[in-house]
Every structure is written in structure tokens, then in C-alpha cells.
Amino acid sequence: MKKYLTMAPLLAGVALLASVGVSSAAGKYTIGISNTVQGNGWREEMICAMKAQALASGEVAKLNIAHRNTDAAGQLEDIRNLISAKVDAIVVNPADPAGIKSGLEEATKAGIVVVAVDQAVTEPSAYIISNNQEQYAYLGAKWLFQQMGGKGEVLYMRGAAGASADSDRDKGFKQALAEFPDVKVAQEVFTGWQQDQAKQQILSFLATGTPINGIWTSGIDNVIVDALVEQQAPMVPVVGADNAGFVGQLNTVKDLVGAAVTNPGSIGGAGVTLALQILDGKKPAQQTVLVEPQLWENATDEGKAKVKTAADPSLSPEWPVSISIPDWTTYTKDQIVACKGPGE
């Protein structure tokens, strides 16, 4: 059984195996990266955080990046290609824990350090550094149900079916739901964490005329608010993530009451830091590190002040405003926005 270390609260396709950078005197390691969702702002920030932290560390000579839209079978192929490339460590955001377990086991047997970010894996030799996904959902859902007065219908907009982060969030959502027996799910949909898909789903739902009293989203949020505004639908409470677009809407959209739950894409940079620590012989006492989320809401004066402070209109709307994680990332804002790795 894995042990867990809880971190302090957070402060505010591309060609397969694309090599980034060349060998340098400062860097001594080659880090492989495997990611299976492309074109999603959260994942793009994650990749940029990985590049920025590799650069800022001074320990990485080169990154081998497998960053494309694929499934578990495709990711397993990517991981085996990284093993063949003889990287020193692999930082992976898993499409499906069971589907890539054999590849992670092969990497460990080859002497490669394996770190999973954002989502858990089932391979016991792998290290994990992740946002606490179950708590992410519980915090937002509980706040939402309280805003609904403890009763009514909620639209439940999940992430990607089969993803461990989505499964963990479902546990947190249902934990909160059990505490509010008079709250019912009007409809449950999987957005795939895709903006266009989520926008079409909310438009289709609104067209049915089914009344709802709140909307919980798994981080695809600003397009949901856009749809409510465009359709002149009732502005029910909305829960989303700390994406720059949604945080901005919490400050500016008339009658919008909502909450952003932190879920930093910068966890990718933290994964690079953890991999480097292990390579340098500084293994953590616990196999799994969890980053605890915060909730920023605009229903109170205190909450409004936090949301206003957190807002960063200079970032892409789909990027979380939490661009760094204390004690785990050392790059600057300019470095993560530039999205350049060693040698680029």
C-alpha cells in the first residue's frame, strides 16, 4: 500500500518523442515525458511547467516529449519508445493506470525513475505527485450544494471516462452528494475535458428546458458560463477550476455566483522536480505526494477579494492561474509562459 504525504495548501499533435535541447555541461539527465491529451489548456500548461522546471533546474540536458492525443495503448507504445531511448526518468500523466502498468514496470526494471503526475497509477514502483482530486470535487460540490440551499437539481459535468482523476473526483462529488439527500443529479455527462464538447453539451441541455439549480464542472468552466450568457439562461451557481478565464468571469460576469477550486497544471513541473530528487538519491519517505486544493468563491466579500487577487488576465483563459507550487517549482512566470526547455 502506498503512503501519502499531504502538501501545504496551494498558493495562488506534436511529433512523438520530440527531442528538446542538446547536451550541455550543466545538465546531466534526459527526462522523458508522456502525455495523452493535446490542445487542452490545462495539459499545455503542464507541459510548459515541465519544460520550465527542467530548464530552471540546471540538471536536465534534454527532454524527450511524447505529447499527442492517444489512448492507453498509444501511451504504452510511447513509454516503450522512451525506454528504448534510454531516458533517465519518465514523467507521465496516465491515460489509464491499468493500461500502462506493464510499461511502467518495464521502465523501472530498466533502471528508469517513473513519476506519475496529476493522476495515480497502479504500478507500485512508480512515484506519484498529484493534486488531491477527490478533495477537489468534494470541496466544490459541497460549496455548490450549500449555495443551492441543500436542495434542487444539479448538472454534473465530468471529465474523461476511465481517467483515474475523473474516478477520484466522482468519489468526492458523491461524498458531498450523500451529505445533501435533497440534491439530485439532473443529468451527468462526460466532457472529455474538451472545451468544444462541453459547450455543445450545455447548449443541448439548455435546449431541453430542464430546470437546474447549479452546475458542477470538472474544470471545463468558462465555456459553460459563456453558454449561459449567450442563451440568456438563468445564472445558477457554477463550480469550476482556477482557470484564468473562469476566475476572470467570477470577477466580471453579472449575477454569476461561483467558485474556483485550485488544480494547478504546474503539477507537471513538480513532477520533474521529484524525478530529479530521486535521481540525485533523495527519495521521498512517501511514495505519493498530494497537493491540497483551495476554494475561491465570489459569494462573500472575503471570497471576492481572493478571487480578485488570483485573477491573471495575461494568461491564456484555459491556463490555471496557479502557475507555480511552493517548494516544488523554481521557474519564473516568464519561463513557464515562454514554454521553453533546455536548449530551446
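Predicted model: local features only at pLDDT ≥ 70, side-chain atom pairs only at ≥ 80, totals over all residues.
User: What makes S9 and S14 edge strands?

Analyst: The order is S9-S8-S10-S11-S12-S14 in an open sheet with mixed pairing. Strand S9 (183–190) and strand S14 (295–297) each pair on one side only. Neighbouring strands here are turned by 20° against each other on average, direction ignored.

User: Why do S11 and S12 count as paired?

Analyst: Pairing takes at least two bridges. Strand S11 (residues 238–241) and strand S12 (residues 258–261) have four, in the parallel sense, so they qualify. Gly240, for instance, has Ala260 in S12 as its bridge partner.

User: And what makes S8 and S9 a pair?

Analyst: Seven bridges join these parallel strands, and the cut-off is at least two, so S8 and S9 pair as well. Met157 stands opposite Val189 in S9. With helix H5 (residues 164–179), S8 and S9 make a right-handed β-α-β unit.

User: Which residues lie nearest the centre of the second largest pocket?

Analyst: They are Thr36, Val37, Thr70, Ala95 and Ala160, out of 16 lining residues. The lining has seven nonpolar, seven polar and two charged residues, and the pocket's volume is about 180 Å³.

How values were computed: Residues numbered from 1 in each chain as written. Heavy atoms only, no water. Helix = DSSP H or I, 4+ residues; strand = E, 2+ residues; numbered from the N terminus. Axes fitted to C-alpha atoms, helices over the stretch in contact; angles between N-to-C directions. Right-handed = clockwise from strand over helix to strand, strands pointing away. 1 Å grid on protein atoms, 1.4 Å probe; cavity = no way out; pocket = protein on both sides within 12 Å on 5 of 7 lines; lining within 4 Å. Points joined across faces, edges and corners; volume = space filled by probe spheres on them. Nonpolar A, V, L, I, M, F, W, Y, C, P; charged D, E, K, R; others polar.
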